[in-house]
Amino acid sequence: MSNEHSMRRVTAIRNGTVIDHIPSGQAMRVLEMLGIGGETAVPVSLVMNVPSKKMGSKDIIKVEDREVTQPELDRLALVAPDAHVSIIRAYSVAEKLTINLGEEVVNVVRCTFSNCITTNLREPQDHRLKVVNRDPLQLRCHYCGRPQNLAELANNVL
Amino acid sequence: MAGLITMDDLTNEQILEILADAERLLPVARGEIYLPLLQGRILGNLFFEPSTRTRMSFETAMKRLGGDVVNLGDVKTSSVVKGETLFDTIQMVDGYTDIIAMRHPRQGAAQYAQDAASVPILNGGDGAGHHPTQTMLDLFTIKQAHGRLEGLKVVLAGDLRYGRTVHSLSHALTRFGCELIFASPDLLKMPEEIVSDLLAQGASVVETEDLYDSMNDADVVYMTRIQKERFADEDEYARCAGAYKLHARHLKEVKPDMIIMHPLPRVDEIDPSVDDTRHARYFEQAFNGVVARMALLCRLLGVSVPEEVKGGAL
């Protein structure tokens with residue numbers, strides 16, 4: 001099945017954001033990372049586990065009438081670092097954005113270790129996770145030094 | 001100024017320099033001479049959880065060098081109980097003092113405090129994380145006994161999972177090329193992430209449940225306390241604790257210069273019969289907390305320890 005066919009499973013959007021090449025099964029976590037949940041007013045289309053030439057299978061998300069910002073996008077580096085992000089205006093791709101994973105992930109998620117000092121959310125300093133390896137992704141808390149549980153990170157979005 | 005949060009804050013060369021400073025400060029630590037190198041300086045002791053040796057030895061170290069100490073006091077009666085954040089507490093104490101020694105139940109608290117403070121922080125233990133000043137006094141004790149740190153065979157025994165002293169120490173010993181043997185019950189094994197970090201550093205690590213068998217060609221046996229509350233089952237505790245109890249009769253086959261260390265307090269893991277053997281070093285080790293912390297206070301406050309330590313008589 002062609003990539004074009006996969007994209008057509010949901011209708012083209014007029015304005016908004018398309019996130020393609022999300023690792024299969026990660027679409028829900030991407031939505032969590034972007035803070036898009038049931039209470040979001042804008043229409044969201046989600047396709048999961050569709051065939052992909054490049055990835056074998058993949059997920060796709062289309063968010064109407066909302067342009068994802070760069071800081072929001074950088075959160076995706078934690079779950080879908082190779083996703084393709086397009087901003088759509090008047091049915092055309094107006095911009096292609098790149099996800100950046102820097103050396104540190106600051107104030108995106110909080111440490112997954114239950115006894116870390118940063119679990120007290122009243123503490124005002126930045127939440128900082130150091131990127132110790134990119135592929136596979138490995139993060140450590142700047143403060144407690146604990147390796148991060150990637151599966152739990154989506155629950156710790158700030 | 002940078003503090004001491006983990007042993008990674010010191011190079012091997014700096015560690016050896018600080019241990020040499022400590023060696024020269026021994027007569028000052030013993031109170032034989034008075035050398036007020038830190039006169040006019042104030043240490044803030046912030047102990048958010050109980051401590052006897054660490055807190056008292058910091059205080060003694062500062063006072064032996066002519067400095068002064070202010071204490072947070074009991075957390076239950078301080079502003080912490082009113083909900084003050086660590087960040088705010090540090091901002092306040094930072095203004096009152098020249099250096100801070102801190103212990104906190106949360107892991108990462110020392111680094112957090114250092115990021116908030118302008119004065120150096122000495123990490124006196126953060127959760128199950130690091131305890132680098134204990135490591136410095138442990139290294140001092142080992143070097144005092146063996147004349148070197150390099151290439152020794154060290155058994156770390158007991159609670160290796162929650163015991164932060166053994167976490168910091170195993171990292172430091174690896175940097176000096178020591179061979180490590182971790183002897184513990186399965187439930188209290190060294191955390192996997194620490195073992196994999198050590199192996200990545202090129203460490204030689206053997207894990208075993210048999211303490212007595214691992215001691216015979218060791219240079220150092222470092223005992224820790226097995227806490228009853230870590231076990232769901234009292235019989236399991238009794239079985240484990242019994243297998244990690246040293247008695248003088250276990251020492252017949254060990255090397256003559258092997259030393260036994262313990263961060264104290266001990267409960268049953270070292271029988272008093274060991275105290276009178278040539279191997280026991282845990283009380284000297286506790287004393288060495290003063291001299292190691294004196295050297296660290298000087299280093300972090302930018303005060304040089306003279307090559308020849310002379311001072312006035314008391």
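Biologist: Which residues make up domain 1 and domain 2 of chain B?

Modeller: Domain 1 takes in 7-130 plus 289-300, and domain 2 covers 133-285. Those bounds come from an automatic or database domain assignment. Before we go on: this is a predicted model, where local features need pLDDT of at least 70 and side-chain atom pairs count only at pLDDT 80 or more, while totals for chains, interfaces and linings use all residues. Residues are numbered from 1 along each chain as its sequence is written, with chains lettered from A and ligands numbered from 1 in the order in which they are written.

Biologist: How many residues does each domain of chain B bring to the contact?

Modeller: Domain 1 of chain B brings 18 residues and domain 2 brings 16. Two residues are called in contact when their C-beta atoms, placed from the backbone, lie within 7 Å. The C-alpha centres of these two domains are 25 Å apart.

Biologist: Which elements give two or more residues to the side of domain 1 of chain B that touches domain 2?

Modeller: They are α1 (12-24), β4 (121-126) and α11 of chain B. The names come from DSSP runs numbered from the N terminus: a helix is H or I with at least four residues, and a strand is E with at least two. By class, that side of domain 1 has 10 nonpolar, six polar and two charged residues. Here Ala, Val, Leu, Ile, Met, Phe, Trp, Tyr, Cys and Pro count as nonpolar, Asp, Glu, Lys and Arg as charged, and the others, Gly among them, as polar.

Biologist: Where does α11(B) bend?

Modeller: At B:Asn288, by about 30°. That bend is the angle between axes fitted to the seven residues ending there and the seven starting there.

Biologist: What makes you call α11(B) mostly covered?

Modeller: A residue is buried if 20 or more other C-beta atoms lie within 10 Å of its own, exposed if 12 or fewer, and partly exposed in between, with C-beta atoms placed from the backbone. By that test, 14 of the 19 residues in α11(B) are buried. After the helix comes B:Gly302, with a positive phi near 75°.

Biologist: How is chain A divided into domains?

Modeller: Into domain 1 (3-97) and domain 2 (104-156). Seven residues of domain 1 contact five of domain 2. On the domain 1 side, α2 (27-33) and α3 (70-76) each supply at least two residues, and α2(A) gives the most, with three. That side divides into three nonpolar, no polar and four charged residues.

Biologist: And how many residues of chain A are in contact with chain B?

Modeller: There are 15, facing 14 residues of chain B. The chain A side has eight nonpolar, five polar and two charged residues.

Biologist: Which peptide bonds are cis, with omega near 0° or near 5°?

Modeller: The bond from A:Asp135 to A:Pro136 is cis with omega near 0°, and the one from B:Leu264 to B:Pro265 is cis with omega near 5°. A:Pro136 sits in the loop between β7 (128-134) and β8 (137-141) of chain A. B:Pro265 lies in the loop between β9 (259-261) and α11 of chain B.
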